[in-house]
Amino acid sequence: MLGQLQYAWNNKKGDPSLTGQIKFGGWRHFGSFADQRLASNGASLAAAASSSGEPLLLSGDVGGWAVFEQQIHRVPHSDDRGIGVFARAAGAPADRNLIDLYADVGVEFIGLRDDRPDDKFGIAAGYAHVSKRAQALDADYRTLVDMTWPVRSFEGLLTAVYQLSGQGRLDVTAQFPIHVAAFMRMAILSWLRSGCEPLPGGQPYENDYCFVFVVAGDSIKQVREYMDTRKGWQMIFKPD
């Protein structure tokens with residue numbers, strides 16, 4: 001189950017003041033969750049000789065979150081156009097969650113130009129903390145299994161989004177992961193949503209594309225492109 005409290009200000013249509021809101025919420029799950037370090041017999045999961053091999057099951061899980069959003073500039077005589085900032089944070093117990101703390105902040109620019117009132121641009125940075133219990137398991141593996149075993153600590157993500165609107169629509173998203181759990185090479189992800197060209201029947205064509213750039217050192221080692229082939233087929237052959 002979950003619940004949320006919310007308070008907003010200056011959010012009525014036509015209000016010239018800067019709008020904003022704050023939210024507080026929490027959730028409770030009544031299922032069983034695996035301990036991030038210990039086996040069912042109390043030994044570390046990394047200890048092959050003494051561990052039962054099955055994680056210790058913990059009863060229930062809880063978590064909470066907070067959100068703050070504030071417009072810092074409003075284009076005159078508009079409701080949604082302007083500049084806004086946001087901050088979000090969420091937490092959960094470290095013994096049964098791989099990520100026990102998450103936070104992100106960002107800024108969004110909407111329709112700042114009168115000739116492009118529907119364009120949007122945003123940038124954000126996110127931080128996910130790997131729980132101390134999961135870090136302790138990594139340390140156990142380093143001691144008992146492999147001295148080079150990486151110890152996870154956090155992951156970060158920088159995101160930039162641009163939505164170009166007009167006769168068609170083009171969405172571009174670029175994501176730059178940071179310190180990806182020490183197990184992966186760095187990857188730069190770019191999403192593209194295209195909706196600019198009409199089909200012969202006149203209906204708009206929209207599809208999603210994802211480009212993955214794998215970076216090692218100062219070189220791009222691999223580039224992969226993906227598209228939603230089923231969505232494209234449905235739009236062309238089953239437009240209804």
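1. Buried here means under 20% relative accessible area. In this predicted model, D104 has a relative accessible area of 5%. D104 is therefore buried, since 5% falls under the 20% limit.

2. The partner of D104 is R88. Their side chains form a salt bridge, at 2.7 Å from N to O. R88 sits in strand β4 (residues 82-91) and D104 in strand β5 (residues 99-110), so the pair links parts 16 residues apart in sequence. R88 is partly exposed, with 40% relative accessible area.

3. A second pair is R133 with D35. The salt bridge between these side chains is 2.6 Å, N to O. R133 belongs to helix α1 (residues 132-144), whereas D35 belongs to strand β2 (residues 20-39), so this contact ties together parts that are 98 residues apart in sequence. The relative accessible area of R133 is 26%, which makes the residue partly exposed. D35 is buried, at 4% relative accessibility.

4. Helix α1 also holds D138. The D138 side chain meets that of R152 in a salt bridge of 2.8 Å, N to O. R152 lies in the loop between α1 and β7 (154-165), so the two residues join parts 14 residues apart in sequence. D138 is buried, at 2% relative accessible area. R152 counts as buried too, at 16% relative accessibility.

5. How many salt bridges are there by this rule? The count is nine. Among them are R133 with D35, R88 with D104 and D138 with R152.

Key
Residues numbered from 1 in each chain as written. Predicted model: local features only at pLDDT ≥ 70, side-chain atom pairs only at ≥ 80, totals over all residues. Heavy atoms only, no water. Salt bridge = Lys/Arg side-chain N within 4 Å of Asp/Glu carboxyl O. Helix = DSSP H or I, 4+ residues; strand = E, 2+ residues; numbered from the N terminus. Buried < 20%, exposed > 50% of the residue type's maximum accessible area, 1.4 Å probe, protein only.
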